[in-house]
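Me: I would like a close look at one part of a model, and then a description of what else goes with it. Please keep to what can be computed from the atoms.

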Amino acid sequence: MLGGWSGVALIDEAVNLAAPLDLLVAREGVWQLAMAGEPLTPTGVKALDTILARTNPSDPLDGTTTVTLPREFSLTDHAEVLPWVEVKAAWVEAAFAQLCEAREDVQEKRFLQWEEALRGIVQGQPDWEARRDWEGVRWAITTLDRKGALERLRRWPDRHTDAFWEGRRAAALAEVGEIEEARDLNQRTLNRVRAAQVPGQADYRLLSQEGWLMVQARFIGIERRKMWEVEAAANERRIGRLNVLRQYDCDPWGNLSQLKTQAALAPLRLNDQQQGVSEEREFDAGWVKRFRIIGGGATEPDAEPALRLLRLCEWAAYPLRVGSVTFGTKELTPVIVPLLRGAAPRLGVLTAVRAGAGEALTVSLNRDIVATMAPDDASALIEVLLNGLSQAGEEAERARERIRYGEHHFSYQVLEHGLEALSRMMLRADPTQRRAALDLAAHLAGVHAVQWDSNFHGPLGHLLHRCVGMMSNQEKLDVLPILAAFPVPAGNITMGDRWPDPLSAQHFSVQLPAAPPDLPASIPQRLLAHAQADTVSRFERHTALVRLADLFRLGLLTPEHQQTFAQILWRDRDDQNLPRDTPFHVFAFLKLPHPSDVEPADLLKARYLGGGAFEPPERDAQEVTLGEADPQARMRSDLISLRQAPLSWTPEDVRTLLDRLQAWWPGMTRVWELLPGAWVDRGSATLLLDVLKDVLLPHAGTHREAVEAFMYEVTQYFQSHDFPVAPDGNTLDARESSRALLDALIGAAPSLVSETARRAVRVLLADGWEGKAQHEHFRELRGALLARVIHRASAGLDAVLHAVAHLITQGMILEPEERRQTLLSLEHLAEETAPRPLTGSANEQRSERSDVRTAASVLAATLYQQFQDDPPATLMIWAEIGRTDPLPEVRKPWMSLDS
């Protein structure tokens, strides 16, 4: 008897039986898994491959017409005699299970293999043909191939035994944007299902189909017209019919809501409740987002409820998105998160892209997930995204401003979220794929719809910078003409992210070689024309000016082009004789071309000493104006320029600057009190203290005590209002113990780790190495840092590793036992921080483990330089990691060392 066996056990047991008995038993296992919404296991896939290969589903050559199913494998209490057609049906069902598994795993080769194997077998069977085409449509939608989905939908068989195949076709049409056709098909199918019902008889299959088609009709109707435009009478009839279906337990809302709840709760089992300010480590190394939380703790995502829900939606003809109306992003995010975290990362990424669940991508497609993908999986996903985005770009060229609407909305989702997903996958792209991604980004940047909609600018910029950031120096030189010619957007775009800067100093921070690649003269000429034309938008002009500044920095402008650039930049000046309305901080004018009759350094000093900078906000203000008039934006710009400008200051200048800052300070604190906490620019804390420490203090002379007193006042305010302040010798050395310095170090936000480490060293070395070497303060902090490295204490370990590495570069010598223990700790960290799939909170953007691995790599590379003749085994392990680790920030410390 098979009744007590699970589907997995049946398939595993069937492989040990003779054909065709194995196939008939396996079919029961496949059916049980399908009814439970569960996937085939890897061993089940292999078992079915073996079982299907043993049996030819065509009519047997020996004339066999029946098969006997023994009692122990029968669903009854006796042996069964089955016609051969049952064997054929069992083969087809098992083959469809393999086809579905290949689709959900996004394995193109396996999918096409099983699709072709089924082609001749299902011919002439309308329902089987419909399922084959339906799987093909689902494959096309999953792989973002709208054109392929429409081609398959047009070939859909006209006749079926089961009318619900037309409902599934309607769902697919709605999902790819053919909403009117989907609505008409839904209504015809709903009428056909109702007509097939016999009054007085309860056909649960037809009642269930009617319920799902009614749910589908409502979903499509929401996109087609506003809810309040639905006729009251029609809505009343719909509710009445659903009440009837509910009596037969055929109202789909119950099943759907239950699975939604299970999928939503599975990855969100919270414990260890906490509250306060937390950081999200973002995808790019060294970036962090601070936010306030209430609740939190460790979680264990569960993928099974998510997969069950997705399978139910597909089989029950309930699309994830119809035009601009979504299944529910808040409901989709917890569904997709566990898929991304190891169960089915490719399916999770592609589902998030097509359904518009951007939050799921930013939450869970982090560096660790990307780094731990199998090479073939990562490469295949990149190819799917490249193809999907290329097709969406063609659609965008046709749609122009209508890209957000109707039949184009599928392509809109692919563009917005596919660009972000592809940008993250650049971590695993090979050189050919990086070049293809760069060419795609350059092409999309020239598409009007992409320029017009600022929602694309951020993802496009991420793709560009992550693509270039993974290139070698030679690769960057090879593509420099493409980057220089990157399109400048046309039109007045004032919202959203800034247009990508392809020649950013982030990737081109030094002068090019003596023989840089040839740059066509037409590129700077076209940019100069954009910058000086009166008919272009402000956004367009600013973008052209930024590109020209990049070309000037890289030495790619001819003297004639430089002169024209200077004239354009300085043609419109403010009341301080500085260029007006540019995208640059004022210190940039010291480095950019300028007319011969202008001395930018004198103008900048006059601005800071005589007025124009640090204009104090009103101390009694009752509201804050945001946007370009935001006092925080002006403050940040003034601080950045004052810190970056290489100007000389006298003690009298310092006194004037200090007076201006002290007059400005009360108004600025008033601004922060008026703003909601999330709008406060807390990063300004570091800027202001850096200006006081690096600009004013070194030139203060007799005003040093006044500067130090103001620094202490500012620091106390920032610390009491939860601003991220890194430790500094001038504020901590005289007033705090080494324990306070250590606490500040390990509590630093990830974005401040490196700066915090440098400042901690500055505290130790403020009076010279020899003087500090015998100082109790130094010995205590040195011992505490090494103890945390040796014992691998988790809190702030990445900052501690950075600090110890920096101390060693400054001359600190480890005692033999300290060296042995440090190497032992590094050996453990090499294994403990190795890339592996994550489990954890849905709020986790990047794993702290990868940051610790990066810092350990820095320390190991620092020690390696001291042992290059005979490095210990631990450092050889790290040297290999430095060559092969998938994370570029882990490899970076080793790039300049001989292996």
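Which residues do ring pairs link into a cluster?

Reply: The cluster joined by ring pairs consists of Tyr-608, Phe-614, Trp-664, Trp-665, Phe-710, Tyr-717 and Phe-718. The model is predicted, so local features need pLDDT of at least 70 and side-chain atom pairs count only at pLDDT 80 or more, while totals for chains, interfaces and linings use all residues. Residues are numbered from 1 along each chain as its sequence is written, and side-chain values use heavy atoms, with hydrogens and water left out.

A ring pair here is two rings of Phe, Tyr or Trp (its six-membered ring) with centres within 6.5 Å; planes under 30 degrees apart are stacked, over 60 edge-to-face, and the rest tilted. The count by this rule is 19 aromatic pairs. One of them joins Phe-614 and Trp-664: the ring centres lie 5.5 Å apart and the planes stand at 65 degrees, so the pair is edge-to-face. This pair links distant parts of the chain, 50 residues apart: Phe-614 is in the loop between helix H27 (600-610) and helix H28 (631-644), and Trp-664 is in helix H29 (residues 651-674). Helices are DSSP runs of H or I with at least four residues, strands runs of E with at least two, numbered from the N terminus. Phe-614 and Trp-664 are both buried (under 20% relative accessible area; over 50% is exposed and in between is partly exposed, with a 1.4 Å probe and protein chains only).

Another edge-to-face pair is Tyr-864 with Trp-894, because the ring centres are 5.2 Å apart and the planes are at 70 degrees. Tyr-864 sits in helix H39 (residues 848-864) and Trp-894 in the segment after helix H41 (888-891), so the pair ties together parts 30 residues apart in sequence. Tyr-864 is buried at a relative accessible area of 3%, and Trp-894 is buried at 7%.

For the setting, the protein chain has 41 helices and six strands, and 54% of its 899 residues are buried. Of its contacts (heavy atoms within 4.5 Å) with a separation of 6 or more, 74% are between residues 24 or more positions apart.

Helix H7 (residues 146-154) illustrates the packing. Its buried residues are Arg-146, Gly-148, Ala-149, Leu-150, Arg-152 and Leu-153. They pack against helix H5 (108-122), H6, H8, helix H18 (375-399) and helix H19 (409-425).

The model also holds five cavities of 30 Å³ or more. A cavity is a set of points on a 1 Å grid over the protein atoms alone where a 1.4 Å probe fits but cannot get out, and lining residues have an atom within 4 Å of a point. Points are joined across faces, edges and corners, and the volume is the space filled by probe spheres set on them.

The largest cavity has a volume of about 90 Å³. Its lining has 14 residues, with Arg-138, Glu-175, Cys-313, Glu-314 and Tyr-318 nearest the centre. Helix H6 (126-142), helix H8 (164-175) and helix H13 (303-315) each give two or more residues to this lining, and H8 gives the most, with four.

The second largest cavity holds about 60 Å³ of space. Its lining includes Arg-103, Glu-104, Thr-142, Leu-307, Arg-311, Glu-314 and Arg-354. Helix H4 (84-104), H13 and helix H15 (345-355) each give two or more residues to that lining, and H13 gives the most, with four.

Definitions and conventions:
1 Å grid on protein atoms, 1.4 Å probe; cavity = no way out; pocket = protein on both sides within 12 Å on 5 of 7 lines; lining within 4 Å.
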